[in-house]
Amino acid sequence: MKSNYENIKRLKLSIQSALLGAITANMRNIAIDINENKIILYFFINGEISDDDRENISIIETEIIADFEDDFDIESIIKRIDSPELIVLERGYSVFQRKEC
């Protein structure tokens with residue numbers, strides 16, 4: 001198995017590809033992390049989280065997990081944090097941050 005550092009690099013590249021054309025106006029921040037054999041995606045959403053948001057995130061998950069071996073699980077954490085409330089990233093690496101006033 002690759003080192004965590006190598007897996008984080010692969011995950012950063014993978015999510016950049018998965019996010020192309022997938023970011024919606026209500027996504028404020030997206031972050032990633034790997035903990036042992038689990039890929040964790042954090043989505044911070046402005047406003048109500050809709051079924052379309054969940055479907056879009058599921059597609060992003062599918063594209064990412066396709067880039068990794070079968071020994072990884074994936075989990076998405078979706079949090080509603082309305083602007084202008086500050087987003088505090090407790091762990092992981094931010095891969096998208098919306099410009100806000």
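In helix 2, the buried residues are Asp53, Asn56, Ile57, Ile60, Glu61 and Ile64. They lie on the same side of helix 2, because they cover an arc of only 145° around the axis, taken from the directions from the helix axis to the C-beta atoms. Buried means under 20% relative accessible area, exposed over 50%, and partly exposed in between (1.4 Å probe, protein chains only). An α-helix has 3.6 residues a turn, so residues three or four places apart point the same way.

This is a predicted model, where local features need pLDDT of at least 70, side-chain atom pairs count only at pLDDT 80 or more, and totals for chains, interfaces and linings use all residues. Residues are numbered from 1 along each chain as its sequence is written, and side-chain values use heavy atoms, leaving out hydrogens and water.

On the face turned away from the buried side, helix 2 carries the exposed residues Asp51 and Asp52.

| Element | Residues |
|---|---|
| Helix 1 | 4–19 |
| Strand 1 | 27–35 |
| Strand 2 | 38–45 |
| Strand 3 | 73–80 |

Now for the core. A nonpolar core is a set of buried Ala, Val, Leu, Ile, Met, Phe, Trp, Tyr and Cys residues joined through side-chain atoms within 4.5 Å. The largest one has 21 residues, and Ile15, Ile39, Phe43 and Ile64 have the most contacts inside it. Helix 1 gives the largest share of this core, five residues. Leaving aside neighbours within four places in sequence, Ile39 touches residues including Leu11, Ile64 and Phe72.

Technical notes:
Helices (H or I, at least four residues) and strands (E, at least two) are DSSP runs, numbered from the N terminus. Contact means heavy atoms within 4.5 Å.
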